[in-house]
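The following note sets out several points on the model shown below.

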Amino acid sequence: MLHVHILPVADDVALSDRLLATLTSAEQARIDRLRQPADRRRSLTARAALRALLSRLLGVAGPQVPLMTAPSGQPIVAGTPWHVSLAHSGECAIVAVASTAVGVDVESDRDMPDAVEMARTWFTAAEATRIAARPADFLPLWTAKEAVLKAAGTGLAGGLAGFAAPVPSTEFLPLSAPPDSALTRLAVRRLDAGPGYHAALCVQTPAAHALREHRHDLAWLDAVAHTGVAPTESEIFHGQT
């Protein structure tokens with residue numbers, strides 16, 4: 001199973017308050033610690049959507065979903081076979097739920113005058129050379145590499161320069177990593193997050209998992225806020241293994 005959900009960020013105080021009420025007290029406290037209101041809205045939207053989707057998948061009430069945070073900062077679903085990943089930027093949030101290791105990332109499109117310097121600092125030498133020739137590839141490549149580290153379970157602490165990722169396309173492409181690295185089992189592709197965004201998805205053994213993409217609107221998010229469960233009419237996980 002490999003499902004990706006792309007949705008807008010909560011856009012008003014009332015909706016945000018209702019979404020906040022679907023989270024645990026620990027999640028609420030973590031979101032409250034974020035200094036910028038925009039960061040709180042983005043984190044809240046993604047976490048509430050993830051908890052609601054897992055509630056539907058596991059058949060339990062939202063508060064009983066065993067959703068935890070690993071030391072790396074990545075969300076994990078304790079005691080289940082499911083893997084999850086979150087990403088958000090601007091007014092876009094992405095949630096991935098899979099039966100294999102998975103990572104997603106999204107970045108708002110913007111000018112990157114320091115792209116070449118950042119690539120030299122963070123990327124492999126070959127990737128930095130590519131960005132020097134084509135700076136517009138920086139954000140797509142960044143999303144691919146961050147998605148890889150999320151799928152690996154390390155987050156950015158895993159180091160962006162330890163492997164080479166392709167600039168993502170519409171097909172899954174393999175990574176270049178040392179032969180003994182677990183990263184050799186991962187592959188990455190582009191996601192269409194809408195105009196103004198770059199997004200990438202990374203999974204383990206992608207050929208074994210058919211990708212299903214879901215696009216939701218604020219009405220879907222409002223339904224989540226009222227019930228704490230992903231709407232049944234979505235048939236989100238029906239018949240999926």
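This is a predicted model: local features need pLDDT of at least 70, side-chain atom pairs count only at pLDDT 80 or more; totals for chains, interfaces and linings use all residues.

1. Glu-27, Arg-47 and Arg-51 are joined in a network of salt bridges. A salt bridge here is a side-chain nitrogen of Lys or Arg within 4 Å of a carboxyl oxygen of Asp or Glu. Over the whole structure, the search returns eleven salt bridges.

2. Residues are numbered from 1 along each chain as its sequence is written, and side-chain values use heavy atoms, with hydrogens and water left out.

3. Asp-222 and Arg-18 form a salt bridge in which the closest N and O atoms are 2.3 Å apart. This pair links distant parts of the chain, since Asp-222 lies in helix H7 (residues 218–227) and Arg-18 in helix H1 (residues 13–21), 204 residues apart. Helices (H or I, at least four residues) and strands (E, at least two) are DSSP runs, numbered from the N terminus. Asp-222 is partly exposed at 26% relative accessibility, and Arg-18 is also partly exposed, at 29%. The classes are buried, under 20% relative accessible area; exposed, over 50%; and partly exposed in between (1.4 Å probe, protein chains only).

4. For Arg-130 and Asp-137 the corresponding separation is 3.1 Å.

5. How much of strand S8 is buried? Five of the six residues of S8 (residues 186–191) are buried, so this strand is largely enclosed by the rest of the structure.

6. S8 pairs in the antiparallel sense with strand S7 (residues 173–174) over two bridges, and in the antiparallel sense with strand S9 (residues 197–204) over six bridges. Two strands count as paired if DSSP finds at least two bridges between them. Val-188 of S8 is the bridge partner of Leu-173, and the bridge partner of Val-188 in S9 is Cys-202.

7. The hairpin of S8 and S9 has five residues between the strands, and Gly-194 there takes a positive phi near 105°.
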